[in-house]
Amino acid sequence: MTIILNNNTYKYETEATVKLFIPAVRFEFLSDERNSDGDIIMTRIKHCRKNVYYYAYIRENGRVMRSSCTAPAESFDEKDGEFIICRLLFLLLCRFYNTKPQWGLLTGIRPVRKINVMLENGMNEEQVRKEFTGKYFVSEKKTDIAWRTAMVQHPLLPEFDKKTVSIYISIPFCPTRCSYCSFVSHSMDSAYKLIPDYLDYLCKELEILGEIVDEYGLKIDTVYYGGGTPTSISADELGKIMRKTAECFDLSQVREYNVEAGRADTITEEKLAVIKEMGATRISVNPQTLNNDVLRVIGRKGTAEEVLEAFALARKLGFDNINMDLIAGLPTDTFESFRDTLDRIIALDPDGITVHALTLKRSAGLYQTGHENISNPATRMADYAVSELIAHGYDPYYMYRQKNTIDGLENIGYAKPGKGSLYNIFIMDETQTILGAGCAASTKLVDVNNSISRVMNYKFPYEYIRRFDELMKKKDEIRNFFE
């Protein structure tokens, strides 16, 4: 399908609005309808002396529908114009496809952040709910879960302190690549030879970041090891990086130390013992599903039985904050299968359960067959998760949304009281600086006025290794921020 932007440049928000109705499709963009003969969606703005005229138009399979509205010219600005055109287009597509996305016009990834800003601006619950349902057309159900999440999260948001930061450390390796995965991760077969050099350079970067932390008197609040699957590397290698972290940073005031143990087929007692010994306070053991047939379909090695064994082992070693990730809407999964998985996970009594919705990212293998995954019971699965998890004492504490997610759904982290991840809250609410180390890691520098600047590391391990000295020059941007 072609999207035509006639006399406007609102490409990003227009595409995001269209993807609420047509996910997993690549669009061609033009500025003139005459250049396209096939299915099109067009937005147009016409400026006149007294009024600005907005138009939205769709032609698909010979069926045509259009809509328009006006606004006073004297009050026009680009931000309002973008919202008006997207609102007009949203309502048109609701009529054309006879559906209304539950998150309405909200296309951003942080709906709870929007609530937090409203609360900071003095709005009460009634006003927030009215804004969500009236201005953005969010359903009562989604408004309720967003509000509930904000109420759990809001007391945990810290007073801004520029010198309090979190650390993210990337271990970008996995035993195999799952078909839904869009993270920068490399299978052990193809990347094994890179690991020693990668870890050496990662240690060097941690030393450099440690020098910056010391130089500017920064305080470390949380630490997060992600990937990839950090437990893909050996226990000795994991110990090497974790010891280097302890050498480079004062961790005495750290409130949370996370390690994504992740895939059960990488978890051993030796690795868990290292993680425990080095001070980690929270880990993840992520099944995604306990249906072995679905695991095979998505290319995720390991079995449900291994997940249960890994969880029991972690408990045996004394981990008292374990999160488990599930995905709603995996290929070939059914509602009954998802319900069975969730019920069995709840019976394990983990401290947190995160429910993701299947997202068809362009860099994931599933994107190429995305249309085959659009009609599945993901919404029913997500609804069941909300009701069951809350009923069993799990509070939603952080939430984010992504483009190309099945049914426009959201990802929600649930946890028992006091067990939610502070790091996850901070990264979603963007209220704390995060210093990133390792390939594809992003340093996010948050200033007092909530302005954010980013320093991005190279995406791939071979590039990170080859251009390491060049990359480290970018650390001056961090120094300049704290000057």
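This tour visits aromatic rings and the charges placed over them.

The model is predicted, so local features need pLDDT of at least 70, side-chain atom pairs count only at pLDDT 80 or more, and totals for chains, interfaces and linings use all residues. Residues are numbered from 1 along each chain as its sequence is written, and side-chain values use heavy atoms, with hydrogens and water left out.

**Tyr201 and Phe468**

The whole structure holds 19 aromatic pairs; rings of Phe, Tyr and Trp (its six-membered ring) pair if their centres lie within 6.5 Å, and planes under 30 degrees apart count as stacked, over 60 as edge-to-face and the rest as tilted. Select Tyr201 and Phe468, a tilted pair with 4.9 Å from centre to centre and 50 degrees between the planes. Tyr201 belongs to helix 7 (residues 195-215) and Phe468 to helix 16 (residues 468-472), so the pair ties together parts 267 residues apart in sequence. Helices are DSSP runs (H or I, at least four residues), as are strands (E, at least two), numbered from the N terminus.

Is Phe468 buried or exposed? Its relative accessibility is 4%, so Phe468 counts as buried (under 20% relative accessible area; exposed is over 50%, partly exposed in between, with a 1.4 Å probe and protein chains only). Tyr201, at 23%, counts as partly exposed.

**Tyr225 and Tyr257**

Next, select Tyr225 and Tyr257, whose ring centres are 6.1 Å apart with planes at 10 degrees, so the pair is stacked. Tyr225 and Tyr257 are both buried.

**Lys162 and Phe481**

Finally, select Lys162, which lies over the face of Phe481, 4.3 Å from the ring centre.

Technical notes:
Lys NZ or Arg CZ within 6 Å of the ring centre and 35° of its normal.
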